[in-house]
Every structure is written in structure tokens, then in C-alpha cells.
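Trainee: Could you walk me through reading a structure like this one? I'd like to learn what to look for.

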Amino acid sequence: MATELVVGIFRSEHDIVAAAKKARAAGFTIQDAYTPFAVHGLDTAMGLPPSFLPLACLGFGAAGLATALSFEYWATRIDWPMIIGGKSYSAIPALIPIGFELTVLFASVGSVLTFLLTRGLIPNPEKVPALSSLGGLNDRFVLALKRSGDAAALRRLLSDAGAVEVKEESLP
Amino acid sequence: MSEHVVSTLRRPLIDGGKDYARVSEDVCSPIERGPTSAWYYSIAASSTVLAIGAFLVFDQIWTGIGTWGLNKTVGWAFDITNFVFWVGIGHAGTLISAILFLFRQRWRTSVNRSAEAMTLFAVMCAGVFPLIHMGRPWLAYWVFPYPNTMGPLWVNFRSPLLWDVFAISTYFTVSAMFWYMGLLPDLALVAERAKGWRRMIYRTASLGWDGSMRTWTHYEALYLLLAGLATPLVLSVHTIVSFDFATSVLPGWHTTIFPPYFVDGAIFSGFAMVMTLMIIARKVMNFEEYITLRHIDAMCKITLATGMILTLGYCTELFFAWYGSNPYERFTFLNRLFGPYRWFYYTMFICNAFIPQALWSKRVRATPWIVFIISICINIGMWLERFNIIVISLHRDFLPSSWTMYHPTYIEIGTLLGSFGLFFTAFLLFCRVLPMIAISEVKGVLHYARRPEEGAHGH
């Protein structure tokens, strides 16, 4: 089912932040914004929750550390016991470097994959980026509001906030 | 917007009063036009050198690494020197992209993309050398712990050489991902501007990026996380490379100063290589308004600072060789100063400790061709440093009866040149197919120290 939108196209990042604040204050639903770079302050203006990725990253990192240390210990103590340099089997310090590397490896690969999969970023030559014809990848700042209730008030709010163009669009 | 007060102390990062569309145009157009004749000449030269190197690598695998000038006393020489040299070069990219990001050094946006690309290519060059050194590179997978029928026989998890395997492969993976994540928004933009099959390829590569703010929020968090992870990672990589030497018993290698000294040297050489490439690239690609004199100035200052730390490292080594009163250690350093390889040591000292002192001068830092020459000297000096550490310590060790000299064969020299061929060929291809400057990040700092109405409107 297509989502009907009213979009405002802005030329500066300050205008879109102000417009997003106004639209939220007026009780309209912000579908999304499309910008050429990460506009600071727009996320709070849109009321977006903070990212969950740091938590995922912590989990993956802990898994990496646990994997590395337990595997190293199992391989050199249980499966094929080896004494290296006269140290005891349970001398942990020499196991730390690989433990560190795998922590970083698991944490970063895990976070990247989580990001890509949750945001639906997968290779697809047929997929046209949403509303890309409006210039949101290049030099325009596109604020997309859900069309509901008084569409005229919506359009007025956007043009009052400094939109150079206000259009009706739909997202599949 | 009257609330925006612009400090007079801050200078804009990007020159030329550009707006967003102009940035897209400037950075994308070189990869949309046909290559220039200078590009063709460069790639012809670099790929010829690469081909010669590849032939020599084939030859030394076919015949065996007995084709090298190694002997019973000097078991490590050119090969490991090249490895440490290239890994060192590979440190500047992540330093610029991760550490300077955490320190909020916003000038990094103009140079991070190509510095990261350079890192990847340098790590590839580095990886080639241990691979050749194995003698039987088709068994390279033996370095990884995998279930096998030989025991079960596991790799030695307590060996620094194995730590190296994990450090370098993790470093390459994380750097590549970091770089690719940074590319996503720019690939989407290039796809938007392209037509036909080019559009299909860039669109596939951009993973359907649409610039949605909901994605940007997570993206920013991810970028910060990767920077936070890559920072200790980059420090760990050269630390572990230095452990290859420091955990041995050889005088000149067995020293606790090695980890910080290696990491610092790596950053020093990496920045020299970034400047070598950037000074050419800004000229050839017309990026002088993006990679400004201010960027060169900042990189010169980092080079100078790391160069001073390195000089301190050299002096500390000499001091402790004398103060430590270990006769073997003392001999090794006397041998560096007065032995048969002394000119290598003096050249290294001049290139790394004395020549960079010129960077104290503001006029030198503002003159790209002088900076270019200094950066070449540092590249040479840093290669010699690794050669000195490795060969001078080995060739006269505890037993005078086994003292000998090491001379590289043409095969070893050709392989080193071949690795430069690989590096420059890869870099030239990168310049042709991917935006060399992080467009979306530059747009984010475009108004730094400029009034908001400037650029965004008008022009």
C-alpha cells in the first residue's frame, strides 16, 4: 500500500531543521527526510530515537572475546596440550592479542551487518532510491510528511518554513 | 540567521565559496570524463613495473626463495623490510579516518577517502611479502586455525607471528568496511548522475542508499563505533608487528621501546606517503580548493611531531645501548654507527630526523613541492629504518664465526619495485572509478567558518 506524502524541498539544512520542528509541533507525522549528508539536529527535530547499534556492537564484541579466549584455551590446553616457553597452560597474557583482534573483528563486522540488514541496504541494481529525483542525494533537503487531514495546512506550513518547492509524492 | 557568529580565528576548510551542487560536480566529474593522457602514461608505467614484479614473484615461487640473497646468518632481510614498510604506510589512512574523527579534526574530510584507499592498497602490498616468504604460498591457509587431519594440530596461539596474521587480516577487513561504509552515500550520488550500465553498477554498489534521515542516524552511530574500534586496532597492528622482533633475544630487537616506536614510525611514514600522493593528486585532478594548503599544513605538523618522537626513539635506543652495559647490545649499536652498513644508518638518520626539521618553517609547509621532496625523503628513510633494524642486527650476531654480509639480488629489488607498481596501479584505478573525496562529508563541513547564507544560497 502506497504512502501518500506531501514533501517540502529546502535549500539549506537550517531550514529543514526548523521545518521539521514546526511540523512536529503542529502534530503532523514526519515520514522521513532525505538529505545529502547527516544534518546535525535533524534527528532530534524529527524525534528519532537514538540508534541501538552501540548495544549490538557491545554484544558482538563480547562474543568475539569469548570465542577467541575459549577457543585458544581449548585448543592449547584440552585438544592438544602444548607448553610454550615453559609457561603454564593457563598463562592468559599470550592469548590476549588474538582475543583483542577478534573482539574488534566481531564487533565491527557484526555492527556493519546489523546496520545494513536492519536498514534494508542490500545490493539490488533495480532498486531506485526513494524520492531520489528530488535531489536529496545532491543539494536539496527533502522533508516528507504523511498526507493526513488538512493537506492545505501542510503545504502552507512547508512553504512558510522556507521550502522552495512543495509537492505531493507517494512511496510504495 | 543572526545567531550564527563566525569566529575570525576559524578559517574555512574548503576554498572557492562552493555550494553543495558544485561539490558533487567537482568530485564526480573526473570519474565521468574520459581519462587524461597523463593518467594513461602513469598507469602504463605502473602496470609495467607491476608486471615485472609479478613475473619475478612467479620466478621465485617456481625456483624457490633460494633466489634471494639470504644466507644462514641473515634469514630475514628485504622481504620482511618491505612487509613492515608497507604495513607502516597503511597506518595513516585509519589514523586520518578514525583517530582524527574522534578528535573532531574536521579537515580530515578532504583527505580521508584517498588515505583510506591508500591504506588498503598498502596492506595488500604488505600481505604479498609474507605470502612469498612462505615459499609454498598455496599452503598459506595453514596459518589459520582450521580443523585438520594432521593431529588435530593447531597453530601456536602464543606466537607473535600468528598474532600478526590475526592483526593484519582484522585490520584489512575493518579498514575495508570502514572505507566502504563511507563510500555508500557517494556511490548513490554517482549512480544518480550516471546512465546505462554504469548506473546499474554504481546503484548495486550503493546498496540502495537513499539519504533517508532514519538511515543517517544509524549510519552516524555506526561510523562512530567503527572509528572507536579502529583506533585501538591501528595501534595494535604495528605493536604486534614490533612484537615479531621484540619478543626475540636478538640485540637491537629485544627492547621494550619497540611498540610505541614502531607505531609512531608507521604514522610518520604513512603521513609522508599520504602527502606524496595528495600533492600530486590535488594538482592533477584539480582538487586544490578541496585539498588546500591548510590540509598540507596540518599533515606537515603531524609529520613533524611524529618525526620528533621517532628521533627521540633513535636517541633513546642509542642511550640505552650505552647505559644498559650489555656488551652485545652495545656492539650492535656500534655496528650500526661504524659497521659496514653505516651509510644506511646515517642516511636513515638524515632523512627521518634532520630533513623533517625543515617543516618547522611556515614557508616550507606552504610550498607543496618542497613538502613533496621531504615526503619522498621520509619514505626512503623509513624503508631504510626497517632494513637497518632487521639486517644490521642479524648480520653480526653473538657468534663472530657466523658473521657475514647480506646483498640483495635483482629479484628482491625487482619485487620491491613490483610492490610499488601494485600500489600505484591500484591507486590510479581507484582515482578513475570512485570519488576521491568524501562528498557527503565535505558537504557537512562546507559551511565551517562561513556564514550559513554564504554558499547555500546564491553563487
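**Reading the model step by step**

Mentor: Let's start with one residue: B:T409 is partly exposed, as 16 other C-beta atoms lie within 10 Å. The cut-offs, with C-beta atoms placed from the backbone, are: buried if 20 or more other C-beta atoms lie within 10 Å of a residue's own, exposed if 12 or fewer, and partly exposed in between. Keep in mind that this is a predicted model, where local features need pLDDT of at least 70, side-chain atom pairs count only at pLDDT 80 or more, and totals for chains, interfaces and linings use all residues. Residues are numbered from 1 along each chain as its sequence is written, while chains are lettered from A and ligands numbered from 1 in the order in which they are written.

Trainee: Where in chain B is B:T409 found, and which residues does B:T409 touch?

Mentor: Two residues are in contact if their C-beta atoms, placed from the backbone, lie within 7 Å. B:T409 sits in the loop between helix 14 (368-395) and helix 15 (410-433) of chain B. Leaving out residues up to four places away in sequence, B:T409 touches B:T67, B:W68 and B:G69.

Trainee: How do I check a helix, say helix 15 of chain B?

Mentor: Helices (H or I, at least four residues) and strands (E, at least two) are DSSP runs, numbered from the N terminus. The expected span of a helix is 1.5 Å times one less than its number of residues. Helix 15 of chain B has 24 residues and should span 34 Å; its end C-alpha atoms are 34 Å apart, which agrees. Its buried residues, including B:G414, B:L416 and B:F423, pack against helix 2 (37-63), helix 3 (78-89), helix 5 (112-133) and helix 9 (258-284) of chain B.

Trainee: What about chain A: how many helices and strands does chain A have?

Mentor: Chain A has five helices and four strands, in the order β-α-β-α-α-α-β-α-β from the N terminus on. Chain A has a radius of gyration of 25 Å, well over the 16 Å that the rule gives for 172 residues, so it is more spread out than a compact globule. Along its principal axes, the C-alpha trace of chain A spans about 80 × 35 × 30 Å.

Trainee: Into which domains is chain A divided?

Mentor: Domain bounds come from an automatic or database domain assignment. Here they are domain 1 (3-48 + 133-171) and domain 2 (53-118), with C-alpha centres 45 Å apart.

Trainee: How many residues of chain B are in contact with chain A?

Mentor: 56 residues of chain B are in contact with 54 residues of chain A. Helix 8 of chain B gives the largest share of chain B's side, 16 residues. From chain A, the buried residues of helix 3 pack against helix 4 (96-118) of chain A together with helix 8 of chain B.

Trainee: And which residues have the most contacts inside the largest nonpolar core?

Mentor: A nonpolar core is a set of buried Ala, Val, Leu, Ile, Met, Phe, Trp, Tyr and Cys residues joined through C-beta atoms within 7 Å. The largest one has 175 residues, and those with the most contacts inside it are A:I16, A:A20, A:A33, A:L143 and B:V274. Helix 8 of chain B supplies the largest share of this core, 17 residues. As for A:L143, the residues it touches include A:I16, A:A20 and A:A33.

Methods:
The radius of gyration is taken over C-alpha atoms; the globule rule is 2.2 Å times the number of residues to the power 0.38.
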